[in-house]
Amino acid sequence: MKEPVHIGTRPSAKSDLQQLLHEVALGDQEAFAAVYDTVAGSVLGVARTVLRDQAQSEEVAQEVLVEVWRTAPRYRPERGTAMNWILTLAHRRAVDRVRSVEAAAARDTKAALLDHQPAYDEVTEQVETRLEQEQVRRCLRTLTEVQRQSVTLAYYRGLTYREVAEALSLPLGTVKTRLRDGLIRLRDCLGVAV
């Protein structure tokens, strides 16, 4: 005669699990192995439903089963079935893991924002640029008119030596000399080391 097939838990699984859990509370390792075989799939299922990450679910399932071993004496049959107690432990542990991961991500984000410093201080950069511009203007005022015009045309307007000579109606050699002399005076005035 064939044994009847049961979908889900066997009719006596409830009392069997409860008895096994009582034996686990007394330190029976074989009883724990039986509890493990009975509930491991369900515990992993609960963890996977909450976490949606296989590796984290397996970790949580392992933690829950270790907790069952350690806290089996706390199980009270009058408060619910053994399976419900174990699955409640699994659900709580999985939710704690989600909260922990979210809190760690929030801490990392906050720390990254606090540690983020701009590559440069915009105000300081603007002040330094203005001071440098003022110093260049001051030094340009120390040049002769021809030197100032030659430097301005060549470096601010981007003209070639020949175009500067044509614009000032001066020989090319004179413009080259004035530019060289003007740049030497600017260098000295600005304190640029060679």
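User: What is the relative accessible area of E134?

Analyst: E134 has a relative accessible area of 38%, so E134 is partly exposed. Buried means under 20% relative accessible area, exposed means over 50%, and partly exposed lies in between, with a 1.4 Å probe and protein chains only as cover. This is a predicted model, in which local features need pLDDT of at least 70 and side-chain atom pairs count only at pLDDT 80 or more, whereas totals for chains, interfaces and linings use all residues. Residues are numbered from 1 along each chain as its sequence is written, and side-chain values use heavy atoms, leaving out hydrogens and water.

User: Which residue forms a salt bridge with E134?

Analyst: The partner is R137, with the closest N and O atoms 3.3 Å apart. A salt bridge here is a side-chain nitrogen of Lys or Arg within 4 Å of a carboxyl oxygen of Asp or Glu. R137 is partly exposed, because its relative accessible area is 43%. Both residues lie in helix α5, three residues apart, about one turn of the helix.

User: Why do such side chains pair up?

Analyst: Side chains of opposite charge can pair when their charged atoms come close.

User: How many salt bridges are there in the structure?

Analyst: There are nine salt bridges. One of them joins E145 to R148, with the closest N and O atoms 2.6 Å apart. E145 and R148 are three residues apart in helix α6, and therefore about one helical turn separates them. E145 is partly exposed at 45% relative accessibility, and R148 is partly exposed at 25%. Salt bridges with shared partners also join E59, E63, E67, R93 and R97 into one network.

User: Changing topic, what elements make up the chain?

Analyst: The chain contains eight helices and zero strands. Helices (H or I, at least four residues) and strands (E, at least two residues) are DSSP runs numbered from the N terminus. Of the 194 residues in the chain, 25% are buried.

User: How many disulfides does a search find?

Analyst: A search of the whole structure finds one disulfide. C139 and C189 form this disulfide, with their sulfur atoms 2.0 Å apart; the cut-off for a disulfide is a pair of cysteine sulfur atoms within 2.5 Å. The pair links distant parts of the chain, with C139 in helix α5 and C189 in helix α8 (residues 172–190), 50 residues apart. The disulfide is left-handed because the torsion about the S-S bond is about -80°.

User: And is C139 buried or exposed?

Analyst: C139 is buried, because its relative accessibility is 0%. C189 is partly exposed, with a relative accessible area of 25%.

User: Which residues form the nonpolar patch on the surface?

Analyst: Y155, Y156, Y161 and L183 form that patch, with about 440 Å² of accessible area together. Patches consist of residues with over 30% relative accessible area and no salt bridge; like charges are joined within 9 Å, and nonpolar side chains (Val, Leu, Ile, Met, Phe, Trp, Tyr) within 5 Å. Accessible areas come from the Shrake-Rupley method with a 1.4 Å probe, and for residues only the protein chains shown count as cover. Y156 lies in helix α6 (residues 145–156) and is exposed at 54% relative accessible area.
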